[in-house]
Structure formats: C-alpha cells, structure tokens
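Please consult the sequence and the model shown below.

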Amino acid sequence: MKKLLQKRVLVPLLALTIFFSGTAFKSDFFEIAKQIEIFTTLFKELNMNYVDDTNPGDLMDTAIKSMLADLDPYTNYYNEQDVESARINNAGDYTGIGANVLTLKDRLVIVEPYKDYAADKAGLKAGDEIIKVDNIVVEDFKDDAGNLLQGGAGTSVHVTYIRQGKTQNATIQREAVDIHAVPHYSMVNENTGYIVLRKFNAKTSSETKSALQDLKNQGAKKLILDLRGNPGGLLREAVNVTNIFVPKNQLVVTTKSKVKKYNKTYYTKNDPMDTEIPLVVLIDGASASASEIVSGALQDLDRAVIIGARSFGKGLVQRPKKLTYGTQMKITISRYYTPSGRCIQALDYWNRDENGKATRTKQENYNAFKTKKGRTVYDGGGVQPDLEMEATKLSSMTKAIIDENLIFKYGTEFYYNNTVTDLGGFKFTESNFKDFKKFLKANNFSFETKTEKAFANALSVAKEEELNEEIDSDYSNLMSSLNTYKDKAIDDNKTQLMSLLSDEIVKRYFYREGLYTYYINNNIEINKGVEILKNPSNYLGYLD
C-alpha cells in the first residue's frame, strides 16, 4: 500500500518537476501536484464511464479555456493554427487573400480588402459575406473559419459570398501579403511630417526610421506620430521606437513580477535619430500595450505633447510558453511601468465585482507621479493626454452604435447607393447624417442606458410587490423622457459620428491609403497637432 501511494504521488510530482523546471513555486508545489492528480483521475473516470461517448480533446479544450478565463483576457492557449497566426502577426507578412476578415458563426465578413492584393483583384468589397469556402460551408465549420482562407502563395480558393442580398462566386489567387507597420507617411504642410504607426511587429522601428528620414529629406522640422487604434505588439519594438526620439541609455519601461527573472528594465540601446524635433503623439481608447509604452515614456520624459483621448490601459506583459504537440500558451508574467514609475493598467482582473467583471480603478484612487520636468501625471487607467479632445473620446452612444456594427453597415449601404470619384471633394453632409439616423431606426438600433436598466429592475420589483399600478404612469413618463434624451444624444454626438462615418466611407472608395490622405485636411486631431506645433511657445507650454 505504501509503495502504491508513493507511486501515485511520484507520477504527478515527476511531471510537475519537468513541466515547471526553473520556476519559483516553493510552498505551492504540493498543492499544485494535488490538484493535477485530482484532475487527472477525474478526467480519466469521466471519459471511461460517462453514459455517452465523449471527445477528450473538446473536453480538455473547454477545461483549459474555462480555467484561463478566470484570470485575464490576455492569458490564452493556442493550438497549432493559432501559433502560426501569432507568428504572422509579429513577423509582418503572411500568405492569404489580402483582406481584414471578421469571423462570425455563419459567415466571414470582408471588413477591408487591401489595395491591389488578392481579394481586391478578385473583386471582393467591404461588406461581402462569405458563406462557403471551396466545398466547406462556413456555418458548419467548427474551428476558426478564417483559417480556410489561408494557404500557400499561388494556390487558389473558391468562395461563395452574399453582396446586397445576391449570392456571387469568386476565385481568389492567394499571394504573400506584406503588412506594413507604417502604412502611411506624408507631409502635412511645408515643415510638418505625419507618420501612422499601425502595429508593433518586427519591422516597426526600421519602418519608422525610414519614414522619418524621408520626411526630413522633404523638409520636415516637426512631426506628428499617429498611434490611434494601434493595439500594440512587441515590447522591444516599443523601446526601439522611443529610442528614435530620446538618447541612448534612457530608461523606457520596467517590468515587475512575482518571478524575479521577469523583473527587467529596458533602456534605449542605440543613438537616436532626432532628440530635438518637436513631436506630437496622437492616441485614443484603442491605443494599447506597446502604444502606451511609447506614449507614456515620451510623456514622462517631456519629449512629446500627447493629444487625443485616454488610452486603453493595458499595463500587463505577456510571454509565449511552448507546450507539447506544437501548442503554446501566452501568459501574463508581469506589469509594466513607465519611467516615472506609474503602471497604467486600467482593469483589475484579480478583484472582480459581484457579477464577476473586472473592476476599474476609480479616478479618486489614481496615484500622482512626476515627469522629468516635474509635471504631474497619473496611473490607474491608461495614458491621459496632455490635451484631451472630446471628439476623440467615444461616448456611450457612439460605442453602442459601433458595437452593433452600424457604422460599418451604413458604409456598405452608402457605397452601393452613391458614387464618389473625387477624394478632395468628398464631404459627409447634414443630409447624409439625417439619412444615417433613418438607417439606425430601420435597423432597430436601441441604446439601453444604465438608468433605463435600473428603472426596469425597479418596475419588476414593483410588480412583485403589486405596486405597479401605482407607478405605471410615472414609469411611462420616465421612459418617454429617456427616449427623448436618446434621440437628442445622437445629435449631440453628431460631430463624432460624422467623422467616423466619413472615415468608413472614404475607405470604401479610396482604400486605407486614401483615408490617410483625407486625414491630412479633415482630421480634427491632426489639425490640432499642426496648430500646436506652429507655435513654439504653445508647444513648450504643454511640456513645462
């Protein structure tokens, strides 16, 4: 019996020793061994004795995902296909159809075809809904249907798609797609350059340097760096981009973890390109991770004026860990801190509310830090711009419209009902906005406010207590007032909505390249950046 007990404990302990070699588990070791042994026996008994046949792979996949969901959204398990997708995202090139594709349960939606790439050459447009790939019906495909579109360069894929209610077919010749970290750069005026930085992959710093050098050759003496919508990527590339504008051996970011070997400081290693050029950085609520490292460091070092809206607030660092059979796990290993010492993580996944949702740090609990020149900056919720613009910060109403994909859908409808040939002459008019409001009603757009939810809950309680007859009239009046408010809220957000609609429509006719050209003369944030850079004392006023 003693030998049997030793054997039962030895197997999981040996597995743990191999699996966790080199990490610091200490007193948790035996508890982990115990839980793994419990799970192993449970998994075995379940698969052997359950009344129906089980799929061990599916059960394990569910178990892993459920376990990780209890942590944070960035700690994830990747199967072999996911590992390849992650490699593509970081490398900056892949082989496929050359389009941004949204994967839904029953269809693949073309969000954006890349100009002159395979999907574009085959005639696919934004809004096309692919329902069949070769002989595979998307609705019947259990895994990520987006992978069906990938394949070797030169191979073909036949797709069946719906456009404006009509079913059509196309054959797409796959090809290598080069995803540029810097999709656009140009001169805004005779002395101000503009660089769009879309993601942080292996090519980011080299492309940014090349763009800056070209702009300087064209006469750029001031610069606007656009990080809006940039979700981040490689930490080392964030350091390298910061290094373009700050001296060698400058602290950019620190990572802190419970595991000592993950506690690291990242300094700039190279000679900078330009430490003097006046610099404006644009950020918004979708600027995350590596984008926040760059904007946060440049703000802490008083090297750039940050304008736009508060960034996403992702101050967590992940690292991939190889598992067996070609799979991987991306695990949150540490938090990162800007040079002033602030962590800008917005959500607390370890102290959730009564509904199991991550809590957000309240403004009154933010901690103050000092920049290099002594300006006060705060932690607790993303990078706060030096100049916050209302047009950049998405309102609750605008978010609800975006979440229901209605700006994208209206862009599709507009494209097939209007002809636009002159980018410079395009303008989204008041008449177009009225049409958009009709479109919202036709698509049953309903925005439920927190107040509305609270009133609905109160009415439900009143019904239980048989008080509803007493308050029905008042409740109806309140709902009527709320509906009036919601109608007014759409008009109150007209400037923001018209800007988003203009962007979506311009992309339909002139691709993303045309959108950036359109930005130069029409984008509110860029125009504000130009205004700040025109006046040296105004620019320096933000940094002192």
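The secondary structure of this protein comprises 16 helices and 23 strands, where helices (H or I, at least four residues) and strands (E, at least two) are DSSP runs numbered from the N terminus. The model is predicted, so local features need pLDDT of at least 70 and side-chain atom pairs count only at pLDDT 80 or more, while totals for chains, interfaces and linings use all residues. Residues are numbered from 1 along each chain as its sequence is written, and side-chain values use heavy atoms, with hydrogens and water left out.

**Overall architecture**

- Of the 544 residues in the protein, 44% are buried; buried means under 20% relative accessible area, exposed over 50%, and partly exposed in between (1.4 Å probe, protein chains only).
- Among contacts (heavy atoms within 4.5 Å) between residues at least 6 apart in sequence, 68% join residues at least 24 apart.
- The protein exposes about 29,600 Å², of which carbon and sulfur atoms supply 51%; accessible areas come from the Shrake-Rupley method with a 1.4 Å probe, and for residues only the protein chains shown count as cover.

**Aromatic contacts**

- The structure holds 16 aromatic pairs, that is, rings of Phe, Tyr and Trp (its six-membered ring) with centres within 6.5 Å; planes under 30 degrees apart count as stacked, over 60 as edge-to-face and the rest as tilted.
- The rings of Y410 and F436 are edge-to-face, because their centres are 5.3 Å apart and their planes lie at 80 degrees.
- Y410 belongs to helix α10 (residues 406-417) and F436 to helix α11 (residues 430-442), so this pair ties together parts that are 26 residues apart in sequence.
- Both Y410 and F436 are buried.
- Y415 and Y416 also form an edge-to-face pair, with 5.0 Å centre to centre and 85 degrees between the planes; Y416 is partly exposed, at a relative accessible area of 27%.
- A cluster linked by ring pairs contains Y410, F414, F426, F428, F433, F436, F439 and Y518.

**Charges over rings**

- The charged end of K314 sits over the ring of Y74, 4.5 Å from its centre; this requires NZ of Lys or CZ of Arg within 6 Å of the ring centre and within 35 degrees of the ring normal.
- The charged end of R508 sits over the ring of F408, 4.6 Å from its centre.

**Nonpolar surface patch**

- F39, L42, L46, Y50, V51 and L59 form a nonpolar surface patch with about 550 Å² of accessible area together.
- Helix α2 (residues 29-49) contributes the largest share of this patch, three residues.
- Y50 lies in the loop between α2 and α3 (56-69) and is partly exposed, with a relative accessible area of 46%.
- Patches are made of residues with over 30% relative accessible area and no salt bridge, with like charges joined within 9 Å and nonpolar side chains (Val, Leu, Ile, Met, Phe, Trp, Tyr) within 5 Å; a salt bridge is a side-chain nitrogen of Lys or Arg within 4 Å of a carboxyl oxygen of Asp or Glu.
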